[in-house]
Structures are given as structure tokens and as C-alpha cells.
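We will go from stop to stop, picking side chains as we go.

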Amino acid sequence: MRTTLQHPRPLGGSHETIYLTASFIHQDPRRGVRPTVELALVSALKTQKYRDSHGVVLVGDGRPVPLSVAARYQSRPGDQGVIFEVFQLSLSADDLAGVTGARKVTARVGGEEFELTQNHLEALREMASLLGGAPKGWRTE
């Protein structure tokens, strides 16, 4: 079974609209497979804006969040001339803890910076708890 979060509100901090989605597949812990969360930042514009942006940097409480895997970029045409650009990250439980353990998280894509709202962070914390239990030390405002 797959759990998916498609947050209805865009990330803040830019005049462009970027949305957050996340999903993971429920695994039997006896299989020994380390669970991951697929996190995606999605843009829907009339032009390809982020093609040459070279990845995503996540920053939690002013410090870069170490990620075990680089973001993958993909673009595809949509309806009415819109182009969907997606930066997809496979986050390990440790990567996700770096995001959910921070009070303020921003994503940098090229020259743009987008802040995850408290609502985005709470949704990711809930997803992390479904993934395998809430780590100690989460701070909420």
C-alpha cells in the first residue's frame, strides 16, 4: 500500500508556484528493507524554468540538510501549454529526520528559495510517523 501526500497549498517565498508531494510504500519490517519517502517539488508554468537549476538544496534552521541521494529532474507537457517540472528526492529515514526535526525548512532550486510552511512540515511529520515512528526531539511551534 502507498501513502501519498499532495499538499493543496504552494510553498511560500517566491512569486512562482511550487507544490510539494510526498509518498512512501508500506513495507513489512521483517523484510529488512530500509523505507524511503519520495519527496517532489512540482512547478507548473508555461516555460521550462528550472531545467538548468542543477538540483535541490534543503536547509533546516539555517543549515543544509545532508541528503544521501541527489534530486532527479523531469519535465513533461501538460494541458493548455503548461510544462510540469519535477524535482524528485528519495529521502531515507535519516534524511527525512533532518527535514522534520527543523523549525524552518527552505528548499533552494537554482536561484529560487521556497519555504515549507508549518502546515507542510506537520504533514511531513505525520508521514514520518506512519513510516516508522516519530523520532524524539521534534519541535513544533
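Before you start: this is a predicted model.

**Stop 1**

Select Glu-38 and Arg-72. They form a salt bridge, and their closest N and O atoms are 3.2 Å apart. Now colour the strands. Glu-38 sits in strand β3 (residues 36-45) and Arg-72 in strand β6 (residues 72-77), so this pair ties together parts that are 34 residues apart in sequence.

**Stop 1**

Tyr-73 is partly exposed, at 28% relative accessible area. Phe-87 is buried, at 5% relative accessibility; the cut-off for buried is under 20%.

**Stop 2: one side of a helix**

Select helix α1, residues 93-100. Which of its residues are buried? They are Asp-95, Leu-96, Val-99 and Thr-100. Look down the axis of α1. These residues cover an arc of only 130° around the axis, which means that they lie on the same side of α1.

**Stop 3: Arg-108 and Glu-113**

Select these two side chains. Arg-108 and Glu-113 meet in a salt bridge, at 2.8 Å from N to O. Check each partner against the surface. Arg-108 is partly exposed at 39% relative accessibility. Glu-113 is also partly exposed, at 36%.

**Stop 4: a bridge within a helix**

Finally, select helix α2, residues 118-132. Show the side chains of Glu-122 and Arg-125. Their salt bridge spans 2.9 Å from N to O. How many residues apart are Glu-122 and Arg-125? Three, which is about one turn of the helix. An α-helix has 3.6 residues a turn, so residues three or four places apart point the same way. Now compare the partners. Glu-122 is partly exposed, with a relative accessible area of 36%. Arg-125 is buried, at 2% relative accessibility.

**Before you close the viewer**

How many salt bridges does a search of the whole structure find? It finds four. Among them are Glu-38 with Arg-72, Glu-113 with Arg-108 and Glu-122 with Arg-125.

Technical notes: Residues are numbered from 1 along each chain as its sequence is written. This is a predicted model: local features need pLDDT of at least 70, side-chain atom pairs count only at pLDDT 80 or more; totals for chains, interfaces and linings use all residues. Side-chain values use heavy atoms; hydrogens and water are left out. Helices (H or I, at least four residues) and strands (E, at least two) are DSSP runs, numbered from the N terminus. Buried means under 20% relative accessible area, exposed over 50%, partly exposed in between (1.4 Å probe, protein chains only). The arc is that of the directions from the helix axis to the C-beta atoms.
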